[in-house]
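I opened this structure to go through its parts one at a time. My notes follow in the order in which I looked things up.

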Amino acid sequence: MTGPTLDIQNLTVALPNGAPLLRDVSLRLQPGEVRALVGESGAGKSMIGKAVLGILPPKVRRTRGEILLRGQPLNALSPARRRREVAAFSALIPQDPLTALNPLRKIGPQILDPLRRIHGWSTTRARDRALELLERVQIRAPERVLDSYPHALSGGMRQRVLIAAAFAPSPRLIVADEPTTALDVTVQKEILRLIRELQQETGTAVLFVTHDMGVVAKISQQVTVLFAGKVMEDAPTAQVFTGAAHPYTRALIAATPSSADLTRPFSPVPSDLIGELHAQIAREDALRSEATR
Ligand SMILES: Nc1ncnc2c1ncn2[C@@H]1O[C@H](COP(=O)(O)OP(=O)(O)OP(=O)(O)O)[C@@H](O)[C@H]1O
């Protein structure tokens, strides 16, 4: 297939009172590419992932724009067909591995059921693939893990399980929503390395949500910088670190502690820049609502 795996065009989502949470967001993810979505808390990073996967919060509506998955416009599909399409081609690695797993069910059925139900695999095929992936994410006793309840595993182990589950059906797209944030610092690096290795081995395109420019540098080839639901910058990652075009991107980089250079000073994003950006966005919102009146 040629063309992007994911193509978001001018996506606006809003609350019932019209307040936009995403403003005219466009981005593309090519096959095999990792694109980081970065920004501070509340910027709309997770909302983009939710819009792609068709799991927007109940009151949040798409008011404009389109999402194409492998060239297929998702909004043209019925909700049931859309759910099937998205489930067949994409997977989520969530932020919190504990809440993502059902505490009352063993790990085995939680990995195997979607493989059988969505992908139509036999139990043997699903089990073999699950064991293969659990081994690949360095789980030493995969059979025992399949037979365990989530509470028997550490946070890092649970996230490995979810990474294995996400990659098992060889999806063309994975949305990784801050997959290391809920974990101990020592485990974070290992989880990031596993996602990067599996992504490279499988060629799956990954939309990687993070607030950490250090993670952006490690994992992505492309980066979309968001502020208040609006794209501030969209560029190759290497270019962003050598000469970001937008002052907000430069401020985010300056606000990131460097593990390689502990002597390098870092400072929070300046509040006057944040104020200026909010004012500019408010002016644009006002102009847009006037134009549509
Ligand atoms: N269920 C919801 N209902 C209404 N508004 C929501 C809901 N979830 C999030 N929002 C709002 O949408 C905006 C974007 O939220 P989102 O969770 O996408 O941010 P984020 O960039 O992922 O932040 P974080 O890093 O804190 O997760 C925020 O203003 C947030 O308050």
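**Entry 1. Overall make-up.** I looked up the secondary structure of the protein chain and found 12 helices and 10 strands. I then checked the radius of gyration, which is 20 Å. The globule rule gives 19 Å for 293 residues, so the protein chain is as compact as a globular protein of that length. I also noted the span of the C-alpha trace, about 60 × 55 × 35 Å along its principal axes. I keep in mind that this is a predicted model.

**Entry 2. The four-stranded sheet.** I asked in what order the four strands of the open sheet come. I read the order as β2-β1-β4-β5, with antiparallel pairing. At the edges I found β2 (20–29) and β5 (72–73), each of which pairs on one side only.

I reminded myself of the general point that strands of a sheet pair through backbone hydrogen bonds, either parallel or antiparallel.

Next I followed strand β1, residues 6–14, to its partners. It is joined to β2 by six bridges, and the two run antiparallel. I picked out D7, which stands opposite R28 in β2. I also picked out V13, whose bridge partner in β2 is L22. Between β1 and β2 the hairpin has five residues, and there I noted G18 with a positive phi near 95°.

I then turned to strand β4, residues 61–69, which pairs with β1 over seven bridges, again in the antiparallel sense. Here I found T12 with R64 of β4 as its bridge partner.

**Entry 3. The six-stranded sheet.** I traced a second open sheet, with six strands in the order β6-β7-β8-β3-β9-β10. Its pairing is mixed. I marked β6 (90–93) and β10 (230–236) as the edge strands, since each pairs on one side only. I noted an average twist of 15° from one strand to the next.

For a parallel pair I looked at strand β7 (residues 173–177) and strand β8 (residues 205–210), which are joined by five bridges. I found I174 with V206 in β8 as its bridge partner.

I also looked for a helix against this sheet. Helix α11, residues 247–254, lies across β3 (34–38), β9 (222–227) and β10. I read its direction as about 100° to β9.

**Entry 4. Two helices packed together.** I wanted to know at what angle helix α7 (residues 155–167) and helix α8 (residues 185–202) pack. The angle is about 10°, and I noted that their axes are 10 Å apart. Angles under 35 degrees count as roughly parallel, and α7 and α8 are therefore roughly parallel to each other.

I listed the residues that make the contact. From α7 they are G155, G156, Q159, R160, I163 and F167. From α8 they are V187, I191, L194, I195, L198 and T202. I sorted the contact by class and got seven nonpolar, four polar and one charged residues.

**Entry 5. Around the ligand.** I asked how many residues surround the ligand. I found 14, of which the closest are S41, K45, S46, M47 and P57. Helix α1, residues 45–53, gives the most to this shell, with three residues. I divided the shell by class into six nonpolar, six polar and two charged residues.

Terms used. Residues numbered from 1 in each chain as written. Predicted model: local features only at pLDDT ≥ 70, side-chain atom pairs only at ≥ 80, totals over all residues. Pairing = 2+ DSSP bridges. Near = placed C-beta within 6 Å. Nonpolar A, V, L, I, M, F, W, Y, C, P; charged D, E, K, R; others polar. Axes fitted to C-alpha atoms, helices over the stretch in contact; angles between N-to-C directions. Parallel < 35°, antiparallel > 145°, perpendicular 65-115°, else oblique. Contact = placed C-beta atoms within 7 Å. Rg over C-alpha atoms; globule rule 2.2 N^0.38 Å.
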